[in-house]
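Student: Can you walk me through this one? I'd like the chains, then the details.

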Amino acid sequence: MRLPEKRWYDYLWIASLMYLSLGFFNILFAWLGLICFVVPLAIALIGGNKAYCNKYCGRGQLFELIGGRLRLSLNKKPPEFLRAVWFRYAFLTFFMTMFLLMIYATYLVFAGAGLKEAVTLLWMFKLPWNWADVSFVSPWIAQFAFGFYGVMLTSSVLGLLTMVLFKPRSWCVYCPMGTMTQGICVLKNRKDKADGGKSQADCNAAQGPCQ
Amino acid sequence: MSKSKKLAFVSKECVACGSCVKVCPTGAITIYQGMYAAVNPNRCVGCGKCARACPASVISVLPRGGDEVA
C-alpha cells in the first residue's frame, strides 16, 4: 500500500481561504480569482486533462478539509440529477450567463455609469461592500472586482451548502469550470474516439467506460 | 499483488474530479485524459475507499467478473 506524500499543491486550500478573506479587506483582490478561471482552461486546452481539478483546485481541497477532516459534511449520497449531464450543462449555461451579465455591468461602468459598491450573493442578494478604498483605480476595475467576487462568493456558498448536505466535494460534481474543462477534454480527445475509441490495451489496463 | 474478490467500477457519469485518485491506497485509479476515472483491475483491491469518497456517487464496488484480464 502506498502512503500519499504531501506535495506543495496539497496546501492550495490556504490560497483559497486567503482569497475569500482578502476580499473582505479590499475588493480589488477579487481580480486574483481570474487565476481559477484561466489556469484550468489553459490546462484543459493545452494539456487535454483536468489536472487543475485533480491536483491544484484549492476550493476542492478546502471542502475536503472542512467536510471530511472536520466532519462537517453529512456524507450523504447526492441526488442523481446533480451529476446528470443535462443539469451540469444547464448550470454551466446559467453560470456563464450571469458571468456575462457581470461583464456587461463592468462595461456600463467603463462607458460612464456609476460604480455600484455591492457584492451580489446567490444572484439575488445585494450586500453593501463600501468599506474598502477603490478610488485609486478606474471605476470599471472596481466594478469587475465587485462582480467577480460575487461570483466567487456565490460558488463558495453553494459549495459549502452541498458540502454539508451531501459529500465534501459535492461542488466538484456541478462546478461550471469542472464541467467546462471535462467538455474540452472530451472534444480534444474526440479524435481518439473517432479512431475506434480506447484501444484494447487501454481497456485491459483501465476499467472505465469500457464496461 | 494478489487479486481481491471485488473491484471498483466507474459509471459513465463520472465527473473526473479526482477525489477517488487521492484516496486509493494502491494507486489503481487514474483520470483518463480528463474525461473519467479509470480503474486498473490488476491493482484494485476492492476496498471501496474510492466509492465512499466519490462526490458524485458513481463508483460501485462489485464482485469481479470472469472476463477481466489478469
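**Chains, helices and a hairpin**

Student: Start with chain B. In what order do its elements run from the N terminus?

Tutor: The elements of chain B run β-α-β-β-α-β, starting at the N terminus. That gives 2 helices and 4 strands. Keep in mind that this is a predicted model.

Student: How much of chain B is buried?

Tutor: Of the 70 residues in chain B, 57% are buried. Its accessible surface is about 3,000 Å², and carbon and sulfur atoms hold 55% of that.

Student: And what share of the contacts in chain B with a separation of 6 or more is between residues 24 or more positions apart?

Tutor: For chain B the share is 60%. In chain A, residues 24 or more positions apart make up 80% of the contacts with a separation of 6 or more.

Student: OK, chain A. What's the secondary structure?

Tutor: Chain A has 10 helices and 2 strands. Along the sequence the pattern is α-α-α-α-α-β-β-α-α-α-α-α.

Student: How do the two strands of chain A run, and how many bridges join them?

Tutor: β1(A), residues 118-121, and β2(A), residues 125-128, run antiparallel and are joined by 4 bridges. They form a hairpin with 3 residues between them. In the turn, A:L122 has a positive phi of about 55 degrees. A:L121 stands opposite A:F125 in β2(A).

Student: Switching to helices. What span does α5(A) have?

Tutor: Helix α5(A), residues 85-110, has 26 residues and reaches 37 Å from its first C-alpha to its last. That is close to the 38 Å expected at 1.5 Å a residue. Just after α5(A), A:G112 takes a positive phi of about 125 degrees.

Student: Which residues of α5(A) are buried, and what covers them?

Tutor: The buried residues are A:F87, A:R88, A:F91, A:L92, A:F95, A:F99, A:M102, A:T106 and A:V109. Their cover includes α2, α6, α7 and α8 of chain A.

Student: Why call α6(A) largely enclosed?

Tutor: Because 19 of its 27 residues are buried, α6(A) is largely enclosed by the rest of the structure. Its end C-alpha atoms are 39 Å apart, which agrees with the 39 Å its 27 residues should span at 1.5 Å a residue.

Student: What about the largest nonpolar core? Which residues have the most contacts inside it?

Tutor: That core has 66 residues, and A:I27, A:F148, A:Y149 and B:I59 have the most contacts inside it. The largest share of this core, 11 residues, comes from α6(A).

Student: What does B:I59 touch?

Tutor: Leaving out residues up to four places away in sequence, B:I59 touches B:A8, B:F9, B:V10, B:C20, B:C50, B:A51 and B:C54.

Student: Last one: A:S16. Buried or exposed?

Tutor: A:S16 is buried, because its relative accessible area is 17% and the cut-off for buried is under 20%. A:S16 lies in helix α1(A), residues 12-25.

Student: What does its side chain reach?

Tutor: The side chain of A:S16 reaches the backbone nitrogen of A:R59 at 3.3 Å. Not counting residues up to four places away in sequence, A:S16 touches A:G58, A:R59 and A:L62.

Key: Residues numbered from 1 in each chain as written. Chains lettered and ligands numbered in written order. Heavy atoms only, no water. Buried < 20%, exposed > 50% of the residue type's maximum accessible area, 1.4 Å probe, protein only. Polar contact = N/O pair within 3.5 Å; in protein donor to acceptor, adjacent residues only side chain to side chain. Contact = heavy atoms within 4.5 Å. Expected span 1.5 Å × (residues − 1). Core = buried A, V, L, I, M, F, W, Y, C linked by side-chain atoms within 4.5 Å. Areas by Shrake-Rupley, 256 points an atom, 1.4 Å probe, with all protein chains shown as cover. Pairing = 2+ DSSP bridges.
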